[in-house]
Structures are given as C-alpha cells and as structure tokens.
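Here's a quick briefing to read with the model open beside you. Have a look at the chain below, then we'll go through it topic by topic.

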Amino acid sequence: MASALPGLSADEARAALEVVVPLTMKGQGPARFLEELAVHMADNPEALTSGDPRCSLMLIRLTHVLHDAGQLVVRPGCARCGKIHLDLRHGRPEGRICGTCYGRERKGTCGRCGATEIKIVARRPEGGICNRCYRADPEVVEECAECGSHRCPAVRLPDGRALCQSCWKSRRPMHACVSCGKTAAAALIDEQGAYCHLCYTRHRRPRRTCGRCGRLGKIARNAHGDEPDLCDSCYRGPERTCSRCGRIRPCQRITSGEPICHTCYARDERPRVTCARCGPDKPVMTYWPIGVVCQSCYTAILRTPTECGRCHESHPLIARDTSGAGLCGRCAGHDVDYTCRRCGRSGNPYGHGRCAHCVVADKVNDLLAGPDGTISPQLQPLADRLTNTHTPFKAIQWVHEHPNAQLLAAFVAEGRPISHDLLDKLPPGAAVQHLRQMMVQTGVLPERHEDLERVSAWLEHYLADKPLEHANLVRPFLYWHLLRRARSRAGKRAFPTTAGRDLRRRILVALDLLAWINTQDTTLQDLGQDDLDRWLDEENTQRRNRVRYFLSWTADRGLSRRLTVPSIPRQEPADRVDDDERWQLLQHCLSNETLPIEARSAGALVILFALQPQRIRHLTADHLTDKGDDTYLTAGRHPILLPPRLGALLRDLASRPPTPLMIPHGPNTPRWLFPGRVPGQPIDGHSLTNLLNRHGINARPARNGALAALAADLPAAILADLLGLHVNTAVRWVTYARRDWTDYLAIRAAEHGKPQRNE
C-alpha cells in the first residue's frame, strides 16, 4: 500500500485495514482476507489507482475507506453501469457488478401471470413471480394505517404499522423547486435549494460518457451485457411492434403485452381536456389558475410575456381577473416564478433557473470563442445578433444541430478568418448560401451580387472531374464573356433577374458538346456543320440550341469554325385562361379571406397585370405610393393605378411585420412585400409559384391570359412601359392578341352567315 500511495503512512494504512478487516475477529477469517488482498495487490500494483472492477470485495471496501480519508485512490465502479457503489458483491468475468445490474440478469417467466423475459423479484411454490404479482401477493399486502386499503407497504411507522405508497407520498414534506418554481416533493436538497423529481432528472442527474455518441450527458439506460450506457438523446426505449399502428418503434408498456409507441400514446392515451385558452380538447400540459392548458398554449404563454393587468410588469399571464384582464402568477396567488435567476427577465424559461436568452448567450460564446476564450472582432457582430435574437429557442437549436454551426466552430478552431473565397471553396448548397447571407446581414462579409458571383464557385466544383482541356476552354468563356456581360446588364436593371441559372445552362451545354466531340475522334477546331447538326438532332429538345453562345465565342477567337446554330423559334402561348375564368380567379383572390394574404396579393398581380412571380418577389413597400385615396404600384417605368381592393390588400401586406427570423433582415435591406426565410432575401421564386399553385392559381396560364387581354387594348410601347417588358416582347404579344381577335371575329361572322368585311 505504501508503494502504491507514497503519501500513506504505516499508521494510516493499519487504521484503514482495521476498518476493512477488523483484526479482533477470531479464527482464520482476517488472515485469509488480508492474504487475498496482499496477493491481489502484488499481482496488480496499480489496483488502488486503476479503478478496475476485477478485484476482491475487500479491495473495494479499502478504496472507499482510503477515499474518505482523503487519499488519491480510484474507487472501482460497476463493470456494467459504471456506478460507484460499495456493495459490488456479484462477480462476473468482466468484473464486479451492482445489485441493480444483477437484478436485470434475473429474468424469466412469471409463475403467476405468465409474462416472459421479466425480472423475477421473489420465489413462491409455483415459481418466480414478477414485481406486479409480488405487489399483489397475499403474503405481502397489509392494511394501510391511514387509508385502510390493503396494499403493498411502502414504509413503516415507528409503531410497526405500514403505509401504502399513496399515503406515504402525501406525508412527504413539500418544497418550492428552485428550477421550475413548482411546489412538490424534493428529490434533492443542496446549498442551492430543493429540486423536484422532474427538474432533478432534467438538470441535476449525474452525467457520464454515452457509449454511443461519446458525449458527456445524462444516462437514460445503464450499460448491461454488450449494450453500453446510452444518454437521453441516443436512447429511444426498447423497440417493439406497436399494438396500435403496427410499426416497429420504441415502445412503452412492454410487459403488459400491448406495447404502444410514443406517438400513439400521445394521440390515444393522454387525457384530453378542453384547453382554457384555445378551446379544443387536447392532452393536458399543465394546470394554471386560468384553467387546463395544452402544450401549444403553454409554450405560447411562457414565450410571450405581457404586461400584467395588476402589477403592470411583463410576465407570462397564467390567470385572469374578474374583468378578463390577464394576471401573472404572483398577482394570482399562484406559487410559480418564471423569472430568470441570472438576468431577471420573466418568461422564456429554459432550465437551471435561466431563461433562453441567457442560455443562448452562453452557447454562442462557446461556439464562436477561440482557443483564448474570446470572440474575434470579425465575428463579434454575428455573436451580438445571435445573442439578442427575438427567437432564442431557434438559436439554441441552431447551435446544437445545424451543420452551419459546426462549420463555424471548425473555422474558429482553425483560426481561419471568414471570407467569400473561403465559403466558395465549400460544396455549393442551400446551407452554405444561408450561412453566407447570415454573415452579410450581420456585417461580417461585404455584400455582393450573389446570383452571379455564385456561378464561378459552382463551376470550380463542377469541373473537378472534367478533362483539363475542357476546363481550360470553359473557364475563360464564363469569366471573360458571360459574367462580364451579365454584370454589365445587372447594373442597368431596375429589377434583379435570375441570370445565374441561364449562365449555368450555357456552361452545361458547352461541356456536353465538348464531351461529345471526344467520342467522335475529332476536335473543336475540326468540328463541321454536319457534325453539329447531327449532335443537335440527337436530343429532341431546344436545350442544345444554347450552344450558339459558346460556338460564337470560340469562332471569334479562332478556336472553331463559324458554324450556324438555329435560333429557338418563338412559340405561341400554349396555355392561357379565358376572360371569364380570369375574372373568377381575381374575385377569388380579392374576396376570399381564408387564403394567405401573400397568395391573394401575388395572385391578383399575376391575374390583373401579368407580372411574373420573379418580378413580384422583388417588390418592396417603396414601390407603392399613395395620392389621396388612390394607391399606385411602380412595376415598370410608370406607376399603375391599383383597384381600391387590391391597393388596400397591398397596403395591409406592406404594414405587416416580417416573420421573426433568428438573424433578422439587416437595416439596409429593402422592406420586401414578400420577405423570405433567408436573411436579407425576398421569398424564393419557386416558393412563390408553389404558394400560388397550392391555392388554385396557376401562374403561367393566368399571366398569359392577362397579357393577351392587356395587349389587345394597349399599344406595345405603353404595355412595355407599364409592365417593365422589353419592347420586342410587347410587340409580339400585341401582334398575337390582335391576330387572335381577328380569327375570333371571322369565326363569329361565319357562324351568323354575315359576309366578312375586307379591311
């Protein structure tokens, strides 16, 4: 012992051994125990400091005595669950185990109820019985001294009489939980105060390393057999076939023979009571002075503290007075406190007596702090916006789960400053785009024309597995020709366009042609008109006609012959709604208040003024002007007078606050009429089109019908100015509309037998 613990004196060692194995015992017992202990320590010199559970019971007792004396020893824990326990009397090949793990081994078939694979807790003449049968066994049940019922005793009074579990619980002293504020029996009382059983389980339960995810957390299932410890996140319960839905899922009620999954239990088994706030019958979440509250209303009230009608302070209003005004718990006499112990704000409770705002501040600091424990000046604006967010629960979830948060943590750990070039090296996707916009809106990165600048990063990733000679041709085609012209045009446009999508299509078709040339044993320089026509005819689409931009560029530089690519022929509108259907759709948008206001406004603009969803998504409140009682919309060069009902609809849309985002739109962001979920960006064009389609408004036929009607009444120049169309587009529509009307009048005249007048 002295060699294993240099700081242990001989007297201290002797005193410890006397406690473990009293030397006054008669017979050979003490000597045998001491001899076994000496042999084990000789074979394992680090037995006192290794914590190995493969040892004798005397060594375990010795480590506990030395630990209590302040010596630096490691007490062995259970070989299965890892608990530090003095009574590890059951030996197994992997080491000593505690009584709980030993009990898990004692599974069999109950001799009374017939349940299989169940823990046997007692023996009777008919065989082992399970815990449920034991608690109802006539040999066990007694009359409760308080309620008089015959039940299994939970505790005994000093006079020997028994109390059932219900009566024993009613006698337990109640304490106010320092975490949730609820008055209940205490599971733990320490220097901070009392914790109820729920808060103890959530916040104070000892933590160990999870055997699956490797993180330090609260263990939901202790290790047994070949299964490791599992934390709350990794453990989902034993998987069985649910008796309700028939799916194999984590279930409860396994021993009853009717397992039920968590989804079916919440839907069918939880008691349903009329919610005092929202009205429908829903599962009970809590009982407040206001009445029974469901989970949705419980969350909504706690996360939206409002001024109390009596104390005039901002708190969650969980009660009402006789006049119907909301009251906080303190004014209603309810002993519940939702005030943060750190910052003093009321509402938004998260745990450990802290609100979600304080929790997100800690987690953001852990995420963005460098090795020195401080946040770099570049990332400080992002940290401030995340800390002061209006949606702290979303921010906490983002820090925990989103891959962008893990990406930021990796950049911070490596000490790499954030830049557009760094993000461009990542595989393109929606997550990287969202992270980039977060950086732009918080001032970490400068703003740029994202639709165009993303094309070059996309090209570098796309060319990774392409031949080098193809990449050397396509790169200058994009950088020197396509992007240069696109940037020049973007600076002159009043409304942004999705030019990046068209640039990608031109690049892809150029790469398709180069790949085809390689299969034909020829070169781009030797490509002839017959070869090109054959390639164009292989695919019965007009997609390959876009190769004319690439071939024109290569011909100008002497890289290929001057070849002819047929232009994409202009097509007549394939589908459009007639006037009667268009007016019905317009009435549907203006009158149906059950539709979302975004769908009503965008649908009316498409049906009445033939605006494209791509144009509508970029409309801002500044495009609306009021002159007296009239409202005007500037969609082209000149403002358009709106019908009163549509003008009121757009004004209502402009006055509505945007949906709260984790990172809100920046101060320089326009006030979008249709804001998106990405910071600083309007709604995506595809999302807006899908919104219209979900509510019965097919954008393309509706727009075609509106353009045909407008072109029939307006000259091409006026049509182009009002709607922001190119004059050539306006001329084509005017020509189409007038020809369409001429054919219609000729058909009507033939039906009535009237001669057609020559004009």
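Start with a charge on a ring: the charged end of K627 sits over the ring of Y632, 5.2 Å from its centre. Here, a charge sits over a ring if NZ of Lys or CZ of Arg is within 6 Å of the ring centre and within 35 degrees of the ring normal. This is a predicted model, so local features need pLDDT of at least 70 and side-chain atom pairs count only at pLDDT 80 or more, while totals for chains, interfaces and linings use all residues. Residues are numbered from 1 along each chain as its sequence is written, and side-chain values use heavy atoms, with hydrogens and water left out.

**Overall build**

- The protein chain holds 29 helices and 32 strands (DSSP runs numbered from the N terminus: helices are H or I with at least four residues, strands are E with at least two).
- With a radius of gyration of 38 Å, well over the 27 Å that the globule rule gives for 759 residues, the protein chain is more spread out than a compact globule (the radius is taken over C-alpha atoms, and the rule is 2.2 Å times the number of residues to the power 0.38).
- The C-alpha trace spans about 135 × 75 × 55 Å along its principal axes.
- Of the 759 residues, 40% are buried (buried is under 20% relative accessible area, exposed over 50%, partly exposed in between, with a 1.4 Å probe and protein chains only).
- Take the contacts between residues at least 6 apart in sequence: 43% of them join residues at least 24 apart (contact means heavy atoms within 4.5 Å).

**Aromatic rings**

- Searching the whole structure turns up seven aromatic pairs (rings of Phe, Tyr and Trp, using the six-membered ring of Trp, pair if their centres lie within 6.5 Å; planes under 30 degrees apart are stacked, over 60 edge-to-face, the rest tilted).
- Y350 and F393 make a tilted pair, because their ring centres are 6.1 Å apart and their planes sit at 40°.
- That pair links distant parts of the chain, with Y350 in strand β28 (residues 349-351) and F393 in helix α13 (residues 392-401), 43 residues apart.
- Y350 is partly exposed at 39% relative accessible area, and F393 is buried at 18%.
- F393 also has R303 over its face, 3.5 Å from the ring centre.
- Elsewhere, W288, Y298 and Y338 form one aromatic cluster.

**N545 and its surroundings**

- You'll find N545 in the loop between α20 (529-538) and α21 (548-556), and it counts as buried at 11% relative accessibility.
- The N545 side chain reaches the backbone oxygen of P566 at 2.8 Å.
- Leaving aside neighbours within four places in sequence, N545 is in contact with L536, V565, P566, S567 and I568.

**A three-stranded sheet**

- Three strands form an open, antiparallel sheet in the order β14-β15-β16 (two strands pair if DSSP finds at least two bridges between them).
- β14 (207-209) and β16 (230-231) are the edge strands, each pairing on one side only.
- Strand β15 (residues 216-221) pairs with β16 over two bridges, and R221 has L230 in β16 as its bridge partner.

**Positive phi**

- Most residues other than glycine have a negative phi.
- H312 has a positive phi near 60°; H312 lies in the loop between β24 (306-307) and β25 (314-315) and is exposed at 53% relative accessibility.
- N348 has a positive phi of about 55°; N348 sits in the loop between β27 (326-328) and β28 and is buried at 9%.

Notes:
A polar contact is a pair of N or O atoms within 3.5 Å; within protein, one must be able to donate a hydrogen and the other to accept it, and residues adjacent in sequence count only if both atoms are side-chain atoms.
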